[in-house]
Structure formats: structure tokens, C-alpha cells
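Me: I have a model open and want to learn to read its features. Where do I begin?

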Amino acid sequence: MSTAAMKKELREQLKRQLKADRQVVIAGFQADGMPEKLLRSLRQSVDAVLTTAWHEARLPANTALIGVGGYGRGELFPYSDVDLLILLEQPPDAATTEKLEELVQLLWDLGLEIGHSIRTVDECLTESAADITVQTSLLEARIICGDEPLFAQLQARYTAAMDPRAFYHAKVLEMRQRHAKYEDTAFSLEPNCKESPGGLRDLQVILWMVKAAGLANSWRTLATSGLITQTEAKQLMEKERAFKDIRVRLHLHAGRREDRLVFDVQTAIAESLGLTATGSGVHMRRASEYLMQRYYWAAKTVTQLNTILLQNIEERLFPKSGEAVRINERFNDVNGLIDISADDTFEKTPSAMLEIFVLMTERPSLKGMSSRTTRALWHERFKIDAAFRADPVNRALFLRIMQAPVGIIHALRRMNDMSILGRYLPNFRKIVGQMQHDLFHVYTVDQHILMVVRNMRRFSMAEHAHEYPFCSQLMANFPQPWLLYLGALFHDIAKGRGGDHSKLGMADTEQFCRDHGLSDEDTELAVFLVENHLTMSQVAQKQDLSDPDVIASFARVVKDERHLTALYLLTVADIRGTSPKVWNAWKAKLLEDLYRITLRVLGGEPHSADHELKNRQQEALATLRLYGLPPDAHEAFWKQLDVAYFLRHDASDIAWQTRALYDRFTSDRPVVKCRLAPIGEGLQVAVYIKDQPDLFARICSYFDRKNFSILDAKIHTTRHGYALDTFLVTEQNFAKSYRDIISLIEHELCGVLTTPEPLPAPGKGRLSRLSRTFPIQPTVDLRPDERGQYYLLSVAANDRTGLLYSIANVLTKYKINLHTAKIMTLGERVEDVFLIDGATLSNARSQIQLETDLLDAIKV
């Protein structure tokens, strides 16, 4: 048999061997669910194949094949790289180079994803000194076959060159950079089980540090060395095993290297672990939610134990001589860290577990806790039980934390990280790590709550006053702002229990207030905030703020200025705490408008249509005078406008449109005017044209083609049959070239309306990955308004390109007259409200058919 044939036969033999071994190993894992066994078995299979290939390569005797990185550690995930070092005594000659190239090519031909380097011992040490990644990979080097004395030489010289302190600093910096990449949170809704904070990499970093320092080489030896306890070592091994299990399943499910628990795979991974959904309808809890809550709890444990370990390792490597400064009989200040005066402080005085957080709010010079304090607090947290929670001393301490003038957010976050907050508030513990599949919350419930408290707290901080000056102004004059923090802490605490979380949360809030001795007045405010935390946003974004009845009804809910201000501040903080995508200037304006109008009503100012009409016309005229128009320039145009127009437009909008149209309000050609929206975000587009049945759909079609998002639409028909429609639109990059975009819209849209073509068929735009994974049930609700004059059409669906045009197309088909459109986008979810009328709506059968067609249009 020729040499080429022999090589081909070897290649095929090794490929069959790898494939057969892999099938057996994966089948074994699917039967017994033991990730360590799979990782070890896959590594052993590859070791055997590599050894055969190495011997067949007939390399010089003074060479060695070394496994490095994860493979060197003795683990191989199903689709991970096989990291190899080919170690040479001296640089290769031409013959050796040829053999090495053949070996590497063979390994690739076998289907192995190899990452390889070819170096001498000297080159290894040079690269290690220059690159922390190389230094780390060599830390776990393992000989597979070849010259063992050469490998021993590498290990000896590597160990001698190792600087544990420099290595520690480099790995801490590397870890911080990695954490920053993942937003410094273990609670990402799509975490990377390897790289995210609290994941596998954090565990590996600890083992690398102690191994480099010669302190230990496993969790067990870490416990033996006294750096952690046996219990902590057991917890870390359990979490490591859980993360490895998830990572193995991710690889097998994806059929490639995949470490992200993305939405698409969460359910499949959960079901492979035996988790199932519970409940049904709106009360259903998905299998993926159980999986992710387990994941977050594990990541939280790893994060906390890593904090303890890093402090302990630092103390070993960088011993500090600091004198303890006495704070009280239970705590000392040691080098800026709060330290317990005795190891059994929390055991003897359990209330100290809350006192420590009080002290940290009162002493900003304290930058954290000592390692033994953190460890003692972590282990004694189970002493926070019903008796602890009922103790008046502990209740007073918790209130001191909530009432702290500074440091409240740091305190609450630390308490949550240490599981103290969840122990003290058992219902808070239930929502730690709980996902929210509502398509607009991007945080788990507990992280969202803490974010809302943070947002509320920032309203009271001078350094953040430029962000939301109106909120900061209101907060500065609000007595007992800590009551707002309390409302924020409880506003979503009942999520996931089934039923209305606002109503359930009210009971929790009232119980807390009664237990902690709050006055009836303060209790009522806190309970009011939890009960109504969604009310203001719903009124502002879904109802007609020009309707006096809407304002009067909302004023009856809030009752007085104190409740109104408290609810406004919580609403802004809450919306901002859902997702960076949800808050925008338009929502800010709607909420502020509602606040100011309601405040005037509560102050006794009449809010009748006549009063509002007079005020807005006077403001608009004052602005028109600044434009230099003749005093009577507005009269002929305004005679064609009814009261509804003036009530639905701000004075600035009325003046702008009057200036543009006063001498063209009988024009046969369409008028399109565009400007930067006064709210500071987006463009305002006014369209004036003889009315036509499909006008709204035609305009929506244009904006859809240009990838503009419509945030708001006001539709008006003049007395002489002209449509005056105003749109607030935004586009991703318009701020960079808004002048060109304004010119483009004014020119193109005018052309579209001048020579109308048949409306294109609505397209079925693609859903985002998140919407595909967690689709919502589309809903259409049609009902008469309270006066029976118009109908309110509410539509909820997954957001997608072309959705509004699809709705507009159906309304055109049924000859529906549109008066206003409130377009509310909440992340990946759309909730639109339209005020409509039309002859079709007088027939019940036609109403049903309209709803049916709308449902068909918004489905994907």
C-alpha cells in the first residue's frame, strides 16, 4: 500500500473512531445527565486520537504534544476548540516543519477544531510574559504524549517566572473588563453561561489565581488551605456542575459552540433538564422561567462567594497592616472596610445584619466589607426569620436604611446581593431572578425594582438634576421622599403570583407599613402608589388628554397635589427602569402635560372646553405676533377649525400650522410642512390636503417605506373639507442629517399625495427574535366612548415593520374616519389606541367583521 493510501486509511480510521466515541459519550450523557463524565470522556477520546496521530507523524524525540487552556484542564465540551501546544527543544528544521504541517492538516481533516501553537520553551516564556492569555493557558498545561523531561523543563521555568501578584492584578482587570462587556450584571435576560458575571469564567479565574500563587489547585484544596469553608467549596462545586451541564446542553442543542442562553433555546434547555410549564393563560409560568430563575440564583451565589474569595486571596498576596478603628462594640473600620469585632458577631447579635447596612449609609468613608464580615453575613443570613422580622429593633433598622439621606441604593443592592433583602422581605425573595416576558422589561423583576428605586433616588441628587429637571424640582419640594422609595420597592413585588400584581402588592405594602409603625397618612400614600403605579401612564398614553372628563376622572383618583406628584415621579422612574428603548421624549411630554393639567384642576382652575380653547388661542396668537403676521392673518383659517382641533393641539403647534397655511388654506395642491419636534426628539409633519378616504393609509404607507416610526397622529377635518393631519415621527439616524430629511419628506410626500397610486398591499414585516420567541396574543377591542360620540379602538400586538399601515389599510377598507391615533411602543410590544367613527360602526355585524379583519392584519 502506498504512503498516500496509508495516510488516507489512517485518517478515515481516526475519523470513525472519533465519531463512534462521540456518539457513545453523548448517548451516555443523555441517559445519566452527568456533565463531568461527558467532558472527561470526550477529552479521553481526543487524547487517544491525538496520541495515534502523533506517533504516526514520527516527529523528533525531543518534542511533545501539550494540551493547554480548557483542554489542558482535562475538559472538552462537545464543540469547544482543542487547544494544543507543540513543544520543541529547538526551532524546527525543514524536515520537522513539513511533518508538523502534515500533522496539523491531519487534525483539521479529522474534524477537530484545533487552536495550536508551535514553540520552544524560550518562546513559550517570552509569549507568556507578554500576554496574560498565553500565561493563563500555560497554567493548565498537560502533556498528552512526547518528551516528558522537556515538558517538565517548561513547567519548572514557567513556575519560576510566575509573579502571583502581577498575575492577580492582571486577572482582576481582565475580569472587570469582561464584566463591563456584560453590563456588570449576572441578571441579563440572555446570559452567557461562560463569560457573564457569575458564570463559569468567574469560577475559573479564582482557580487560576490560587494555582498561580501555589495556594491550591481545586475547590477541595482551597477549603483545606482555609481560603473558603467546606460548605462554600461544596456550593461552588455544585454551581460549577450546574453551569457545565447547561453549557453542554447548549452545545448539543445548537450543534456548534454556543454559550449564550438566548430566548430561542431557553425552553428547549429547560425541558431537557426535566422542567415543565405550570399554570395556564396569563398565569402560566414557562419552563424557561424556572430554568432562568435557577440560573440567576446560582450566578448570584457564585458572585457572592467570588467576592469573599477575591478578598481572601488579596489578603494572602497583599497583607496589610491596618489599625482597627472602633465604630461600636460590634464593628470596626479596618483600612476603609467595615469589619466585625468578633467572628460570632452576627450569631450573637442577629440585628447587626441590618445595622451594618445602616452604618455604611451613615459613613460614606466605608467602601465595603472585609472578607470575614462578608463571609459571616453570608452564612448567618438564615437567622433572618419570622421572629427576626417581628423584632421592633430590626424594623427600626430597616426603616433607617430606607430613610438614609445617602447610600440607600448601594445598601439595597448589597442587601440583595447578600440575600439579606429577600430574607427580610420574603415576598421580594420570590421575585429575585424572575423573568418578565412582556417584551419591554429587559431586567428581572428584582433588578427592575432596584433600578426604579435608583431612578427615584437620582431625582433628589443635585448632580443628576440636568437629566430630568422637572422631576428634580418636584422631588426637592416633596416631604419624606423615602415614602416614594418605599412605593418603588413594593410596586412590582407581587409579580408572578397570579392575579393583579397591583392589588396583591397593595396588601404587602399595607402589611409592611402597619408592621413598621407608619402613620395612617404615610401608609395610605405608599399603598396608593403601589395600587396605581400603572394608572398615570395608561391615562397619558391611551386616553384623550383634551377631554375634560378624562382629566376630571384622573383628578378624582389622585385627590391632591401630594398624591399627583408622588405618582408622577414613580411613573417616570418606572418607565425609565423597564428598558432603555421604552422611554422617549414623547412619553415624557404626555406625562408632564397630564401632570400640569391635573394640577390646575386640583388647584380649582376650571378645565372646561371653553376655558382651554380661550387659553390656547391666546397663546397661539401671542406666538403669531412674533412671526410678524398681520393681526387678522389667522381669522379666515381659524373659522374652518372646530373646538376639537384647538383642544388637541398645543398653542405652539396651532401657531406653526397657522403660519404655514393662513394664505393657502384653500389651496388645490397638498401642503406638507416638517420641523424638528418641540419636545426635542423626532420630527413633526403636518399634511394639509383636500380630504380623501385613504389619506391616513397613504401617509402611513409612505412613512413605512422610509422606515420612520410614527409616535403620534392627530387627524382633523376642517369645516370646508380639508384634512389637517399632524404626525410625530422618528427615524434611527435622522439627527445626523435632519435638514436633508425634512426637505425630502416635504418634497416626496407632497408628490405622493399629488399623484396618488393604488395603495400597495400591506407587507408582513419580520418579527424580532424576541417577539418570535415570546409572541403575544394579538387583541382588538372596539367600544363606544363614554359620550357615545366616537369609538375607541385598541390594538395590541408584537411590533413589526408595516404594522400601522396594515391597520390603516383595514380602516380605509371600512371607510372609517380617524380622529386621533396614539401609538405606544413598549419595547417589542405595540399598544395603539384610535378614536374613530363611521357609518359602518352602527352595525354590530360590521363591527365584528372589522375586528376580525384587524386581527388578521396584525397577525404574522
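Reply: Begin with helix length. The expected span of a helix is 1.5 Å times one less than its number of residues. Keep in mind that this model is predicted.

Me: How many residues has helix H13, and what does it reach from its first C-alpha to its last?

Reply: Helix H13 covers residues 287-317, 31 residues in total. It reaches 44 Å, close to the 45 Å expected.

Me: Why is H13 described as largely enclosed?

Reply: Burial needs a cut-off: under 20% relative accessible area. In H13, 23 of the 31 residues are buried, so the rest of the structure largely encloses this helix.

Me: Now the sheet. What is the order of its 4 strands?

Reply: The order is E3-E2-E1-E4, in an open sheet with mixed pairing. Strand E3 (114-120) and strand E4 (142-146) are the edges, and each pairs on one side only. From one strand to the next, the twist averages 25°.

Me: In what sense do E1 and E2 pair?

Reply: Antiparallel, over 5 bridges, with E1 at residues 63-67 and E2 at residues 82-88. Gly67 has Leu84 in E2 as its bridge partner.

Me: Which helix packs on the sheet?

Reply: Helix H7 (residues 148-161) does, touching E1, E2 and E4. The direction of H7 makes about 100° with that of E2.

Me: Last, a single residue. Is Cys750 buried or exposed?

Reply: Buried, because its relative accessibility is 13%. Cys750 sits in helix H36 (residues 738-754). Beyond its neighbours within four places in sequence, Cys750 contacts Arg669, Pro670, Val672 and Ile745. Pro670 is 80 residues from Cys750 in sequence, yet 6.1 Å away in space, C-alpha to C-alpha.

Definitions and conventions. Residues numbered from 1 in each chain as written. Predicted model: local features only at pLDDT ≥ 70, side-chain atom pairs only at ≥ 80, totals over all residues. Heavy atoms only, no water. Pairing = 2+ DSSP bridges. Helix = DSSP H or I, 4+ residues; strand = E, 2+ residues; numbered from the N terminus. Axes fitted to C-alpha atoms, helices over the stretch in contact; angles between N-to-C directions. Contact = heavy atoms within 4.5 Å. Buried < 20%, exposed > 50% of the residue type's maximum accessible area, 1.4 Å probe, protein only.
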